[in-house]
Amino acid sequence: MENEIRSDDGHAFKLLLSCPSGLSPSQVSVEFDQLDMIPYQASDLRNSISEIWDRRVQQSSSFYNGLKFRYGGCNFSMGNDSKQEPHVCLHLSLTDYR
């Protein structure tokens with residue numbers, strides 16, 4: 001399902017799904033997983049990240065923390081019956097920029 005493609009400037013990216021005729025809303029679902037912020041066990045690592053983050057926020061007024069979705073994969077199924085439509089399920093979780 002995933003195809004690696006190169007853009008005109010040479011950067012590689014993966015095309016996760018190609019649906020030339022598109023998908024209807026009923027063919028797409030989303031599974032939201034629990035908060036997916038990476039738990040840092042070492043307090044010195046957490047402190048280091050906080051210090052670097054705080055410095056960068058002070059240096060740039062456009063630097064901010066906010067919530068975002070993290071892509072965790074997708075499942076694509078064609079169904080067992082020829083009358084069934086294809087279906088895509090996206091796996092997303094919530095994280096932040098920091």
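Two strands pair if DSSP finds at least two bridges between them. By that rule, 10 bridges join strand E4 to strand E5 (residues 87–96), and the two run antiparallel. The model is a predicted one, in which local features need pLDDT of at least 70 and side-chain atom pairs count only at pLDDT 80 or more, while totals for chains, interfaces and linings use all residues. Residues are numbered from 1 along each chain as its sequence is written, and side-chain values use heavy atoms, with hydrogens and water left out.

**Overall make-up**

- The chain comes to one helix and five strands; helices (H or I, at least four residues) and strands (E, at least two) are DSSP runs, numbered from the N terminus.
- Along the sequence, the pattern is β-β-β-α-β-β.
- Of the 98 residues in the chain, 12% are buried. Here buried means under 20% relative accessible area, exposed means over 50%, and partly exposed lies in between (1.4 Å probe, protein chains only).

**The three-stranded sheet**

- Three strands form an open sheet in the order E3-E5-E4, with mixed pairing.
- Strand E3 (28–32) and E4 stand at the edges with a single partner strand each, so one side of each has no neighbour in the sheet.
- On average, neighbouring strands of this sheet are turned by 25° against each other, direction ignored. For such angles, axes are lines fitted to C-alpha atoms (for helices, over the stretch in contact), and values run from 0 to 180 degrees between N-to-C directions.
- Strands of a sheet pair through backbone hydrogen bonds, either parallel or antiparallel.

- Asn75 stands opposite Cys89 in E5.
- The side chain of Asn75 also makes a polar contact with the side chain of His91 (3.1 Å). A polar contact is a pair of N or O atoms within 3.5 Å; within protein, one must be able to donate a hydrogen and the other to accept it, and residues adjacent in sequence count only if both atoms are side-chain atoms.
- His91 lies in strand E5 and is buried, because its relative accessible area is 15%.
- His87, also placed in strand E5, is partly exposed at a relative accessible area of 26%.
- The C-alpha atoms of His87 and Ser77 are separated by 5.3 Å, with the two residues 10 apart along the chain.
- Cys74 belongs to strand E4 and is buried, with a relative accessible area of 16%.
- Cys74 and Leu16 are 58 residues apart in sequence, and their C-alpha atoms are 8.3 Å apart in space.

**Surface patch**

- Val30, Phe32 and Phe69 form a nonpolar patch on the surface, with about 320 Å² of accessible area together. Patches are made of residues with over 30% relative accessible area and no salt bridge; like charges are joined within 9 Å and nonpolar side chains (Val, Leu, Ile, Met, Phe, Trp, Tyr) within 5 Å.
- A salt bridge is a side-chain nitrogen of Lys or Arg within 4 Å of a carboxyl oxygen of Asp or Glu.
- Accessible areas come from the Shrake-Rupley method with a 1.4 Å probe, and for residues only the protein chains shown count as cover.
- Phe69 sits in strand E4 (residues 67–77) and is exposed, because its relative accessible area is 54%.

**Loops**

- Asp33 is in the loop between E3 and H1 and counts as partly exposed at 42% relative accessibility.
- Asp33 and Leu94 are 61 residues apart in sequence, with 7.7 Å between their C-alpha atoms.
- Ser62 is found in the loop between helix H1 (43–59) and E4, where Ser62 is exposed with a relative accessible area of 58%.
- The side chain of Ser62 makes a polar contact with the side chain of Ser60 (3.0 Å).
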